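Here is a predicted model to read with some care. The questions that follow take up its parts one at a time, and each answer works towards a value or a name.

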Amino acid sequence: MGVVHGQEMVLNIGPQHPSTHGVLRLQVKTDGEIISEIKPFIGYLHRCFEKHCENVTYEQVIPFTDRCDYLASMANNFGYVVAMEELMEIKVPERVEYIRVIMAELQRIASHLLALGTFGLDVGAFTPFLYMFRDRERILDMFEMTCGARLLYNYMWVGGLSHDLPIGFVESAFRFLDYFEPKIEEYNNILTYNKIFIERTADVGVMPADVAISYGVSGPNLRGSGVKWDIRKDEPYSIYDRFDFDVPVGIGEKGNLGDCWDRFNVRLTEMGESIKILRQALTQIPKNGDVHQTIPKKIRPPKGSIYKRTETPRGDLGFYIISDGSPIPNRLKMRSPAFTALSVLDEIGRGWMLSDVIAILGSLDIVLGEIDR
Amino acid sequence: MAIITKSYEPTFWDKLYFPALFKGLMVTLRYFFKRKVTIQYPEEKYIPPDGYRGLHRLNKYSDGRIRCVACEMCSAACPVDCIHIIPGPSPWDEGKERYPVRFDIDLLRCIFCGFCEMACPEEAIELTEIYDFSDLTRENLLIDRDGLLEVYELTKNKNYYSQTKKSEKSET
Ligand code: SF4
Ligand code: SF4
């Protein structure tokens, strides 16, 4: 960088700033426009999730997991119930497993749409954001039809689901997929391969694979750095081992490996893979089965503990649950992917300009609800 | 320190900007002639599907008796403790049955999870499709038994929103 050093200035970005994606305060040290340090301040959205869980029963935890990563509530539900079912050794019916996978993958598409849309918005592309929200709305409509809520579903329960699929869900899901598949091409035309967008994101915020691993970054951010690690593939939970799908990784197509563009493109390609899983799951799903059949009357797991991780749209979500045999968790720890993604911001954001830091933050796709919990 | 190297080399075609701009504009132009997907909200109401989890109601039997027997299963199931019930002998059946003398729900605390309606053995409490019940004071958002029964009258037979539309039409 430049040899002339001016006086350093400390700036606050946020907490009420549209591109911090929630209530996050970044304290940046700048030299002119070059950033020399980024210090994230978190906790504005802290709701004592973990402590609160020690005061409610196991089933009452589920609505609170919704509120952690509120853009991917289904995935959070999924992570929690999978952990609980392993602890209690419950085997759920086939149909439940399929519905869960369908919901989780639809949620992945919805969450990525929001991530990509707001990322585009951060770097100045307004129209794709509207298009992506329009398509996300259709997924939310399907969720609403199923469980009656648009954002915070409380849908997956330990041992089952709150509701069965409504009549006509499978058809409308297929209709959505047929509608949505060509839209990815449209996003490519309007955003991904747009010259201005590439200029803003290619080579910016390069995260080498070793940095990503040492910070514990996971999910699309890690895959953007070229590491092929997806828990759905490498440590299959539920019935993910039955489906045929690829794990897209960044290859540095437009710039260096692991730049913002790679992270963006990994998410976009992942939506295509989710469509593949959805098509298989929607054709294979058993026609009948009772989704309430294996829901235990009283949830009292045996003494012991469990750590289970699942792949949410943001990465590796882990639940560590310690049970003392009572109907209330003794301790519940959540490992959140967005938290680790935020921690790497300082490392990869130094040396860039202020406007690039916004792009880097957008490309990491953080959700403050999950960071602060 | 971050690695700042440039490896992206735009081609001549890229540098023109126009092809990219044109491609993007083609997409937006096509939408210019398509049907709108937005709803003009306050004038035009979004109609939620059945089973939407909105404002609560307390159901009644067709003869007007309240279904609720004040068993407090719902308040036990509630994760945020926002249902408060005071049971008492009912005015019918010579007071043999229990019924809620008070039944208050703090809508500001409620997270609309739906556990109460699933816990209720009498199918007395239910979540309705009403979603626009915001208010200016906290007191107005504490709904009591009579308020909940009123919601039942409003949503008994018809969808609240499509019903309002109908009545508006007949007035004009
Ligand atoms: S919807 Fe949930 S939070 Fe609201 S009153 Fe019912 S149980 Fe309580
Ligand atoms: S609403 Fe239902 S669960 Fe609640 S007290 Fe009345 S009968 Fe019991």
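**Questions on the predicted model**

Q: Which residue takes a positive phi just after helix 4 of chain A?
A: The place to look is just after helix 4 of chain A, where the phi angle is positive, at about 105°. The residue that takes this angle is G124(A).

Q: How many of the 29 residues of helix 4 of chain A are buried?
A: A residue is counted as buried if 20 or more other C-beta atoms lie within 10 Å of its own. By that cut-off helix 4 of chain A is largely enclosed by the rest of the structure, because the buried residues among its 29 number 25.

Q: Which element gives the most to the largest nonpolar core?
A: This core has 104 residues, of which M74(A), I102(A) and I360(A) touch the most other members. Leaving aside residues up to four places away in sequence, I102(A) touches A173(A), L278(A), A281(A) and L282(A). With 15 residues, the element that gives the most to the core is helix 4 of chain A.

Q: How many strands does chain B have?
A: From the N terminus on, the elements of chain B run α-α-β-α-β-β-α-β-β-α-α. Its secondary structure comes to six helices, and the strands number five.

Methods
Residues numbered from 1 in each chain as written. Chains lettered and ligands numbered in written order. Predicted model: local features only at pLDDT ≥ 70, side-chain atom pairs only at ≥ 80, totals over all residues. Helix = DSSP H or I, 4+ residues; strand = E, 2+ residues; numbered from the N terminus. Core = buried A, V, L, I, M, F, W, Y, C linked by C-beta atoms within 7 Å. Buried ≥ 20, exposed ≤ 12 C-beta atoms within 10 Å, placed from the backbone. Contact = placed C-beta atoms within 7 Å.
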